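Dear colleague,

I am passing on the structure below, with notes on what was found in it. Please look through it before reading on.

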Amino acid sequence: MPSEASASASRFIPEPKTVAVIPIPIFSKLRLIRSRDRPEEASKLGVDRGPVRLVEAGLPEQIAELGWKVEFDGHHQFEEIDEENDPPIGKLKNPRLVSRVCEAVAKVVGGHAKKGQMTLTLGGDHSLAMGTISGTLDRYPDACVIWVDAHADINTAETTESGNIHGMPVSFLLGLGPKIPEFSWVRPALAPMRLVYIGLRDVDAGEKRILKESGIRAFSMHEVDKYGIGRVVEMALDHVNPGRDRPIHLSFDVDALDPSVAPSTGTPVRGGLTFREGHYICEAIYETGCLVAVDIMEVNPSLAEDKDVEQTIAVGCSLARSALGETLL
């Protein structure tokens with residue numbers, strides 16, 4: 001059973017603290033980008049089942065046991081679009097679908113945030129963060145983003161090789177690359193200095209160039225090995241939130257964890273965060289009292305044996321609980 005939540009006071013979420021659980025299962029037949037920016041990778045179907053399985057595992061009830069008031073009004077579904085009616089724009093695949101879904105997600109997240117609620121969005125692939133972070137920034141324009149991932153997801157329409165928008169959400173949020181009318185709703189409201197990465201270890205050449213040119217702070221697994229996760233989290237917070245007075249949006253892709261920890265995900269990369277390192281990130285960010293939004297992304301129940309699926313679902317739930325105040329003692 002989850003332990004009681006720690007007593008860290010929130011700067012931004014009023015009492016009684018309410019969390020809106022927002023599962024975004026996208027139908028497999030829509031083929032919303034499942035693989036990251038690799039042209040040789042096929043779309044990874046099944047990531048739409050991740051949010052459903054997290055809810056079925058009792059995540060809303062587990063959060064309620066931590067003392068949160070939970071608002072959960074079911075799974076958010078979206079109108080189907082035939083792929084034939086959503087042709088590529090340049091290299092970009094399924095651009096209208098991705099844009100429509102992310103814009104809807106932005107409105108849902110922003111609406112809950114404006115009511116003073118924490119938002120916990122369950123994905124689904126990480127392109128959804130284009131919507132979740134847009135929603136957070138609509139309510140908290142000075143918010144910072146801590147992006148925990150094996151991948152940078154910052155390719156632009158110019159640097160992408162595959163056209164997979166899954167590998168591009170951060171570039172849209174920063175306003176990088178050419179303007180694409182279908183994504184004109186995305187305001188470039190995120191400044192590079194308010195974004196920090198933790199856990200990177202599979203970054204495209206174009207993305208490395210963008211990170212350096214934009215001055216974005218990124219802690220790869222090299223820094224985690226060198227300094228330890230505690231120091232890395234402190235340095236990350238010192239960079240984006242030095243006064244610990246800005247709202248924080250935590251966007252956590254489970255492939256940041258080593259595949260031995262979370263095997264059932266679309267693009268596993270060896271050498272990732274341990275179970276405890278991943279949970280420490282969530283615990284430490286909650287302790288700041290600044291957390292206003294959490295994404296748990298890329299749990300894909302179709303990509304592993306049953307025992308590995310159950311393990312990954314359990315990890316997704318425990319990450320969410322840690323981000324909402326669960327403690328070891």
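In what order do the eight strands of the open sheet run? The order is 2-1-3-8-7-4-5-6, with parallel pairing. This is a predicted model, where local features need pLDDT of at least 70, side-chain atom pairs count only at pLDDT 80 or more, and totals for chains, interfaces and linings use all residues. Residues are numbered from 1 along each chain as its sequence is written, and side-chain values use heavy atoms, leaving out hydrogens and water.

Helices (H or I, at least four residues) and strands (E, at least two) are DSSP runs numbered from the N terminus; two strands pair if DSSP finds at least two bridges between them.

The sheet is edged by strand 2 (69-71) and strand 6 (217-220), each of which pairs on one side only. Strand 4 (residues 144-148) and strand 7 (residues 248-253) run parallel and are joined by five bridges. In strand 7, H249 is the bridge partner of V145.

Helix 10 (residues 306-323) lies across strand 3 (118-122), strand 7 and strand 8 (291-297), at about 175° to strand 8. Angles run from 0 to 180 degrees between N-to-C directions, and axes are lines fitted to C-alpha atoms, for helices over the stretch in contact; contact means heavy atoms within 4.5 Å.

Helix 9 (residues 275-287) packs with helix 10 at an angle of about 30°, their axes 7 Å apart. The two helices are therefore roughly parallel to each other (angles under 35 degrees).

Regards

Terms used
Parallel < 35°, antiparallel > 145°, perpendicular 65-115°, else oblique.
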